[in-house]
Amino acid sequence: DWREYSRLDAAGMLRIFTARDDGDLVGYFVLIIQKSLHYSDHYFAANDVIFVKPDSRAGATGYKLLKYAEDYCRDCGVSMLTINTKAAVPFDSLLTSNSYDLAERVYTKYLGK
């Protein structure tokens, strides 16, 4: 939804981080940063999408992308970073080895349009 991405960007809520290999895009991490509704003195960052090309997953690309985004968020006052992952393509080991906690399980059901 390019219109919504544009709206979020104009509101200062959208952050896009990229991973590159010799200038070629090999990964990206998109976050939406907003003030918490429940904890009004906190800013939360929630991922919209995170992706690293399969042939770039064996090295430190995902780690570096994650750490760069974390540092950015920390520097701008974000207190909680939430990352959703696909159950079919997990990267739990990367997250748990970087002090992320499994906080919830989310189930989905497609209801059609």
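This is a predicted model: local features need pLDDT of at least 70, side-chain atom pairs count only at pLDDT 80 or more; totals for chains, interfaces and linings use all residues.

Q: What makes a stretch of the chain count as a helix or a strand?
A: Both are DSSP runs, numbered from the N terminus: a helix is a run of H or I with at least four residues, and a strand is a run of E with at least two. By this rule the protein chain has three helices and four strands, and from the N terminus on they follow the order α-β-β-β-α-β-α.

Q: Why are β1 and β2 called paired?
A: Two strands pair if DSSP finds at least two bridges between them, and β1 and β2 have eight, in the antiparallel sense, so they count as paired. In this pairing, isoleucine 16 stands opposite valine 30 in β2. The hairpin of β1 and β2 has two residues between the strands, and there aspartate 22 takes a positive phi near 50 degrees.

Q: How do you know that β2 and β3 pair as well?
A: Nine bridges join β2 (residues 24-35) to β3, and the requirement is at least two, so these antiparallel strands also pair. Valine 30 has valine 49 in β3 as its bridge partner, and lysine 35 has tyrosine 43 in β3.

Q: What makes β1 and β4 edge strands?
A: The four strands form an open sheet in the order β1-β2-β3-β4, with mixed pairing. Both β1 (14-21) and β4 are edge strands, since each pairs on one side only. Neighbouring strands of this sheet are turned by 25 degrees against each other on average, direction ignored.

Q: Which strands does helix α1 touch?
A: Helix α1 (residues 2-10) packs on the sheet and touches β1, β2 and β3, where contact means heavy atoms within 4.5 Å. The direction of α1 makes about 105 degrees with that of β1, an angle taken between N-to-C directions on a scale from 0 to 180 degrees, with axes fitted to C-alpha atoms, for helices over the stretch in contact. Helix α2, in turn, lies across β1, β2, β3 and β4, running at about 30 degrees to β2.

Q: How many residues line the largest pocket, and which lie nearest its centre?
A: A pocket is an open set of points on a 1 Å grid over the protein atoms alone, where a 1.4 Å probe fits, with protein on both sides within 12 Å along at least five of seven lines; its lining residues have an atom within 4 Å of a point. The largest pocket has 28 lining residues, and Ile83, Asn84, Asp101, Leu102 and Ala103 lie nearest its centre. The volume of the largest pocket is about 1,200 Å³, volume being the space filled by probe spheres set on the points, which are joined across faces, edges and corners.

Q: Which strand supplies the largest share of the lining of the largest pocket?
A: The largest share, five residues, comes from β4.

Notes. Residues are numbered from 1 along each chain as its sequence is written. Side-chain values use heavy atoms; hydrogens and water are left out.
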